[in-house]
Structure formats: C-alpha cells, structure tokens
Amino acid sequence: MFDGSGAKVLSAGDGLGAGIESTLLDFTAKRVLVTGAAGDIGGAIAAAFAAHGATVLLADRDHSRLLARHAEIPGSAWHLFDQTDTASVQQLAAWAGDVDVLMNNAGILRTGDVLDATPDEVQQVIQTNLIGPMQLAIAIANGMAARRQGVIVNTASQLAFTGAATRALYATAKAGVVQFTRSMASELGARGVRVVALAPGRTRTRLNAHLLDDEDEYRRSIGRIPAGRIGNTQEMARLALILASPLSDYIVGESLIADGGYVLE
Ligand SMILES: NC(=O)c1ccc[n+]([C@@H]2O[C@H](COP(=O)([O-])OP(=O)(O)OC[C@H]3O[C@@H](n4cnc5c(N)ncnc54)[C@H](O)[C@@H]3O)[C@@H](O)[C@H]2O)c1
C-alpha cells in the first residue's frame, strides 16, 4: 500500500512487526553525551546506550561516582562539570565536540514547604534544572544544526504537568523544560535537530530514596499510581533509548510521561 508521498505504507499483509528492525536501536559510531551520568537514571541510560554500540560521554559534578560509572562502561569518556556554572557548561560542550545524542539529564530535587524556600534555593533549583540544561542544549544544538543531525532528549518530570505541594521549585523548573523542549523542537526540526523529553514518574534513585524509605511517604506515593508501584531506572533507560532512536523519528517536541499513570489521577 502506498500513500500520496510515494513512501511505503505498511499494511497487515506486510507481516507482524514489519518496519520495526532491531538495527534502529543500533547506536554504533554514535556519540552520546549523558549528563547526570553518575546518578541512577543517567547511569542506566549511559549503560543502555553503551550496550547498543554508542560511544558514551559521561558528565556529572560527582567525581567519585563518575569515575565508578566510567569503570563500569568500557570505552566511555568522562568529564566533570557543574550545571550551575555557565562557564563549566560551555566547557562541557566544547569537550564533548560533535554529539549525535544529548541526554540532558542532570538534576536535583528540592522538597519542603514553599514558604521555607530561601532565595538561594530558588536560584539553585532553577539554575540546575532549567537554566543549565537550556544552556547545554543550545551549545550542543549549534553543532547539531550545522551538521543537520542530532537528537536532544531532555529529562523533565511528571510533576511538570501536575505541580505538587512541597515541590514547587522543582515542578516549575521541569515545566520550563517541557516548554523549552516544545519550542526548541519547533524551531530546530527543519534544521535536522529533533528535540524531545522524557518525563519520568517516581523512580527509586538517590534523588528520592530518603523519601521512599519512609513507609508513609511510600504508601502515599504508590496510592496514587494506577500501576501500583514506582518505576525503575531500567524502564527509564529503555524509553530514553527508544526516544533517541530512529524508531521515534516522528516524535518531535513531545514529553513522554512514564509514570505508571500518576498524572491521570
Ligand atoms: N527519580 C525520580 O523519581 C525522578 C522523577 C522525575 C524526574 N527525575 C529526573 O531524572 C533526572 C535524574 O535523576 P535521578 O533520579 O537519577 O537522580 P540522581 O541523584 O541519582 O542523579 C542526578 C545526577 O545529577 C547530578 N547533578 C546534580 N546537580 C548537578 C550539577 N549542578 N552539575 C552536574 N551534575 C549535577 C548529580 O550529581 C547526580 O549524579 C533528574 O533530572 C531528575 O529531576 C527523576
């Protein structure tokens, strides 16, 4: 079956799974920069790309964990950077050079009564979770646009869509990430750069282990998740891989929410 463009349109007769080839998840000869790679979701993402052939560039501010991650992933390279420092973000982009995929993933969580948030905390959460990722995406996208090739996957959050008590600064920064993703995608799509976001739901990592280890908090968390459990880092890594791959070529500017249904409540 063919449509007006002349491109082949698959029909049932083409066989189950036709057009879905494992080679589409082959990242051999691709350079993938993962920020927050010393962390749990970033580490799982980095390992997933490496397992699919990519040369993985690991970036984080946590020196010892970054070295440990580097040791786990043969062939990886690492770079220490601070996402709250503009010069450091630019240095990371220069060090990384030509990048095929940017996993713009480093972030911090701030919990607590909004009335207790200090001006410094406001600054730090927005700088880390929004300004730094924007600066990095722009720096990397310049090279991608010049080569007319590249994918940027920003890490947002389910809370970007719902907001949440005690997480006002974080949810606001992540909502910014969602709009930045849409706007940048719209501007760069025709220049060969695809921009999307992954919006994880609650996933057990160092970011929130202290909260999930509290039984009341844990029950509250899963009580509102239709899937009845929190997510895991492997699930996020799988989706990151798929979003960055040609399997998702027609997904542009979207933030994929992977939250077990939390936002539906
Ligand atoms: N865990 C969850 O439930 C959850 C849910 C939604 C979104 N997210 C997002 O996923 C991403 C990864 O988080 P995670 O859960 O793996 O947490 P994590 O703490 O394990 O990883 C975050 C990493 O980011 C790094 N980082 C923080 N600030 C930095 C800075 N200024 N400069 C450089 N690196 C910095 C940390 O050192 C850490 O290695 C974050 O953007 C987070 O907001 C997590």
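Start at the ligand: helix H1, residues 40-51, supplies the largest share of the shell around the ligand, with 3 residues. Keep in mind that this is a predicted model. The shell counts 27 residues, and those that come nearest to the ligand are Gly-36, Gly-39, Ile-41, Gly-107 and Thr-205.

Two packed helices are described by the angle between their axes and the distance between the axes. For H1 and helix H9 (residues 233-244), the axes come within 8 Å and cross at roughly 50°. The crossing of H1 past H9 is right-handed.

Which residues in H1 and H9 meet? On the H1 side, they are Asp-40, Ile-41, Ala-44, Ile-45, Ala-48 and Phe-49. Facing them from H9 are Thr-233, Gln-234, Met-236, Ala-237, Arg-238, Ala-240 and Leu-241. This contact of H1 with H9 divides into 9 nonpolar, 2 polar and 2 charged residues. Ile-41 turns up in both places: it is among the residues that come nearest to the ligand, and it is one of the H1 residues that meet H9.

Zoom out to the whole chain and you get 9 helices and 7 strands. The radius of gyration is 19 Å, close to the 18 Å that the globule rule gives for 265 residues, so the chain is as compact as a globular protein of that length. Along the principal axes, its C-alpha atoms fill a box of roughly 60 × 40 × 35 Å.

Notes
Residues are numbered from 1 along each chain as its sequence is written. This is a predicted model: local features need pLDDT of at least 70, side-chain atom pairs count only at pLDDT 80 or more; totals for chains, interfaces and linings use all residues. A residue is near a molecule or strand if its C-beta atom, placed from the backbone, lies within 6 Å of it. Helices (H or I, at least four residues) and strands (E, at least two) are DSSP runs, numbered from the N terminus. Axes are lines fitted to C-alpha atoms, for helices over the stretch in contact, and angles run from 0 to 180 degrees between N-to-C directions. A crossing is left-handed if the near helix is turned anticlockwise from the far one by less than a right angle, and right-handed if clockwise. Two residues are in contact if their C-beta atoms, placed from the backbone, lie within 7 Å. Ala, Val, Leu, Ile, Met, Phe, Trp, Tyr, Cys and Pro count as nonpolar, Asp, Glu, Lys and Arg as charged, and the others, Gly among them, as polar. The radius of gyration is taken over C-alpha atoms; the globule rule is 2.2 Å times the number of residues to the power 0.38.
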